[in-house]
Amino acid sequence: MPPTPSDVLRGTLDLLILKTLALEPMHGWGISQRIEQISRGVLDVNQGSLYPALQRLELKGWVDSEWRTSDHNRRARYYRLTPQGRRALGTETESWQRYVAAVGWILESA
Amino acid sequence: MGLVRVVLLRCRALFRRAATEQQLDEEIRLHLELETEKNRERGLAPDEARREALVRFGGVEVVKEAHRDGRGVRWIEDAFTDARVALRLLRRNPALSTAAVITLALGIGANTAIFSAVNAVILRPLPFPHAERLVMLSEDNPEKGWRRQTAAPANYLDWKERVHAFADVAAYTPGGGATMSGIDTPRRVRARAVTGNYFSVLQVRPEAGRVFTDAETWKGGTPVAIVSHRLAQDAFGSDGRAIGRSVSLDGARTEIVGVLPQDFTFAADSFDVWQPMAWDPQSRSQVFFRRAHWLRVVARLKPGVTPQAADAEFQTVVHQLQGEYPLTNKVMGADLVPLHDFLVGDVRTALLFLQAAVGLLLLIACANVANLLLAQALGREREAALRLALGAGRARLVRQAFTESLVLSAFGGLAGLALGWWGTRALAALQPAGMLPVASVRMDVSVLVAMVGLTTLTGLVFGLAPVFWSARRVPAEVLKEGERAGTSRRLRHWADMLVVGEVALALMLTVGAGLLVRSFWRLQHVEPGLDPHGVLAVGIDLPRGYDSAATQRTFFGALQERVRALPGVVDVAEALVAPFAGGGVGYTSDFHIAGRPANDYGTEIGHDYVTPDYFTALRIPLRAGRYFTPADRSGSVPVTIINEALAHRYFRGANPVGQRITFDKFPDSTSVWRTIVGVVGDVRQSGMAIEPLIEAYEPAAQQANSYMTLLVRTRGDVAALTPPIRRVMAELDANVVPDLVRPLERMQARSIADRRFIMWLLLIFAATGVLLALVGVYGVMTQLGRRRTREMGIRLALGARAPQVQWLVVRHGLQVVLVGLVLGVAGALAATQAIRALLFEVPPRDPTTFVTVSVMLALTALAASWLPALRASQADPAGVLRAE
């Protein structure tokens, strides 16, 4: 058994999706697999919650989607980062890193 | 950009709801498939792989719900769902839905029709620019009981010159007619004399030609006239062709200088010709110019001047005139009201009364529908409880219930508008001519908007009761109570209260209708003082050429002779004015009885000039003295016949015959003293609802006039008499055209037609209200009966007799109805004072009406509750008990 996966922090899911889509357009399941893989199983995405999150990002205009046939000849909805989403990824990453750094300092100084 | 995108996505979500749902389904399905495959590759069994995938996904429905909420159109979707559910429920219970829709349609339809009239008459402004600045100036004389009467020309001129609050002041004659010839055959037209500034005060532009100039108020220059669009089309073919044409009006060559627009209307008057006053400037200093009151006066306020401010200045001037002209103006007051208020006049009370009545009707309809919905809610109590228990929000349930009410009221509103459209047309067509002082009554945008608002309000009102009730229930209780538990006490309470309200409202409506019916019944049994049956009244206005008394009497004498020779004719007579025609009396004046102190006079006296046969022809009884004879002619002793009212009031039992009277307030050497030769019965000259004036008749031979009314009594058909009379008139003089030709009976009926019409309308509303209330009583008692069927069955099985068990239900019905009746009587006692003006010899709190109506309602309501009781008690006891 892998170590108990920690819940994805509320609010960071959007950032993880944006980062994942920055590589290439992907469908929902693909996104969930990629996040799991890259985080080496540490981050356990509640797979269902991806879809409301994707909807939220689409409403913001950071991603858009289209129906395409996948490698295994299945119809799937592929999500893609918009230019706006790419800019958002930049600023969101920056603020995340500031946040992490701040938390790190607090933990180290304590 | 962002906003547009959001709106687009939301619209897509809303309008392509099915597609969006399907896409989401597909996405989730694919996700689960891929996850399951991955799990199988990891070596899990197929079932286990699928289960694992579902666990990892975490609640498919939860995700879907979150997704739906995310679309941001949830509340709209819910509304649609609610509406669909509501429609389904309505379809499932067609009898109930139809009853509710019909009930609402009746209430909303009646309101639409009456509100159309209220809107046209009271709310819509007059069709003139800045009509709010137009005011009507009238004269009051408290000593004679004058209120808002016509004004004297000299007073009008002083007002116009002295009151600075008025931008300008115009005057016109209330009625008038002329014989127009010189185009084709001579015809009679309604003609109004106006001051030169009349159209500029109203700010009416001509369609062709010009309006009058201020100078044309005075004599001089060629006679001119303005005609209506209708007359121009009819007589000349077009507006343009009428301009500059010369016609003969009452024998005077007159040039047509203008044509008015087609939609020009002043109140509901239908004049065709307007002529300037053409007063002689010399008249202004003459006393008759200030003594005779025959003008309607309309003023336009300067911008920014309020009617109150104008009235203050106006009253100052009126006061000045009282001091300056004591002989004529000493007690002459004056009155300023907005023109709109003046024109609306008495019909305002009637219309507001009818509006209140249909308002009550709508409330009854609402109560009825609320009752129906309550009954339905009863059947769905468990459903509501179950939904609450399963976690539906109370707010959501309330909204569902409201949506149902609104859907129902929308249907009722649609049907009601259709009914109202029809009702408005019927109202406009059936109203007695001239009752509503507007050109047209129709449903316009403001009526539509008001009715849509009213419909929504209605839905909320009748939706309230069931909603409050269902939202306050505790689900556990309902579910525990089981199948028979629908009989919640609170629900029954609501239903009873609704019936109480319905009965109370219906009683108020019916009392109102009852008072009007009794008034009308009284009115119909009033003695008119003459026999109008079979009498035709023909107005005759002699043109120029008949200027002397001798020529006038010669023409009328010859005409009488020829008409008397027509087949079927029994009597022929003449009068200045026929009874029931407009004001009824020819004119009024002061009077003075010989030998009495100068101040011993009261109200004014009415006058009529009649031929000797007048009283016998109309069957007016002689009380003392004699009728006129042919010997009472020009040159002989001046005589007069007075009516009983005058004899009673001023001779107080003494015999008036032989006494002398003059029609001046302060007799002088020029006064004509008339000897009273007879006393005749009172005639309701001014209309059946109006007390007879004190009145004096003078022989037509001693008081010739160019306008007289021929009164012809026939054995045969009155209507068939018109053509032969026209013929003999044309034989005598082709230029003499009959003015108004009307059967006296119809004129009598017309004098009370408004009251009759209002009475019928109210009767219809009251009958509808009672019917709805009875349906309500019946419905609630049926429910009660059904609930107690089991109890009745047991009682019957134990040996109770049928009437005893029926009494169980009837007693409850009686209690509810009695409370309603008491409340209704209290309401009616408080409300009927407002309709005093519409009643005739019936007090607003007439005990007979109140008692009769209450007893009738109580009895019918008793029947409505006895019927369900009877049915419930007839159920087979064994069967009922087995059914449990």
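**Helix packing and chain contacts in a two-chain model**

In this predicted model, helix α2 (residues 28-38) of chain A packs against helix α3 (residues 50-60) of chain A at an angle of about 110°, and their axes lie 10 Å apart. Since angles of 65 to 115 degrees count as roughly perpendicular, α2(A) and α3(A) are therefore roughly perpendicular to each other. On the α2(A) side the contact consists of Gly28(A), Ile31(A) and Ser32(A), which meet Leu50(A), Tyr51(A) and Leu54(A) of α3(A). By class, the residues of this contact between α2(A) and α3(A) are four nonpolar, two polar and no charged.

Chain B comes next. Its secondary structure comprises 30 helices and 24 strands. With 884 residues, chain B would have a radius of gyration of 29 Å under the globule rule, but the value for the model is 38 Å, well over that, so chain B is more spread out than a compact globule. Along the principal axes, the C-alpha atoms of chain B fill a box of roughly 135 × 80 × 55 Å. Of the 884 residues in chain B, 42% count as buried. Among contacts in chain B with a separation of 6 or more, 82% are between residues 24 or more positions apart.

Where do the two chains touch? In chain B, 20 residues are in contact with 14 residues of chain A. On the side of chain B that touches chain A, at least two residues come from each of α1 (2-15), α2 (17-41), α3 (46-57) and α4 (60-70) of chain B. That side of chain B is made up of nine nonpolar, seven polar and four charged residues.

Helix α26 (residues 753-787) of chain B and helix α29 (residues 847-873) of chain B have axes that come within 8 Å and cross at roughly 30°. An angle under 35 degrees counts as roughly parallel, and α26(B) and α29(B) are therefore roughly parallel to each other. The crossing of α26(B) past α29(B) is right-handed. Residues of α26(B) in the contact include Val770(B), Leu774(B), Val777(B) and Met781(B), while those of α29(B) include Leu857(B), Ala861(B), Ala864(B) and Leu867(B). Arg786(B) of α26(B) and Arg871(B) of α29(B) also belong to the contact. Sorted by class, the contact of α26(B) with α29(B) has twelve nonpolar, four polar and two charged residues.

Is Pro579(B) buried or exposed? Pro579(B) sits in the loop between β14 (569-575) and β15 (587-589) of chain B. Because 20 or more other C-beta atoms within 10 Å make a residue buried, Pro579(B), with 27, is buried. Between Pro579(B) and Leu157(B) there are 422 residues in sequence and 33 Å in space, C-alpha to C-alpha.

The other two are picked out by their backbone angles. Most residues other than glycine have a negative phi. Gln203(B), however, has a phi near 60°, a positive value. Gln203(B) is placed in the loop between α8 (198-202) and β6 (208-209) of chain B, and with 13 other C-beta atoms within 10 Å it is partly exposed. Glu841(B) likewise has a positive phi, near 55°. Glu841(B) lies in the loop between α28 (802-831) and α29 of chain B. With 13 other C-beta atoms within 10 Å, Glu841(B) is partly exposed.

Note on methods. Residues numbered from 1 in each chain as written. Chains lettered and ligands numbered in written order. Predicted model: local features only at pLDDT ≥ 70, side-chain atom pairs only at ≥ 80, totals over all residues. Axes fitted to C-alpha atoms, helices over the stretch in contact; angles between N-to-C directions. Helix = DSSP H or I, 4+ residues; strand = E, 2+ residues; numbered from the N terminus. Parallel < 35°, antiparallel > 145°, perpendicular 65-115°, else oblique. Contact = placed C-beta atoms within 7 Å. Nonpolar A, V, L, I, M, F, W, Y, C, P; charged D, E, K, R; others polar. Rg over C-alpha atoms; globule rule 2.2 N^0.38 Å. Buried ≥ 20, exposed ≤ 12 C-beta atoms within 10 Å, placed from the backbone. Left-handed = near helix turned anticlockwise from the far one by under 90°.
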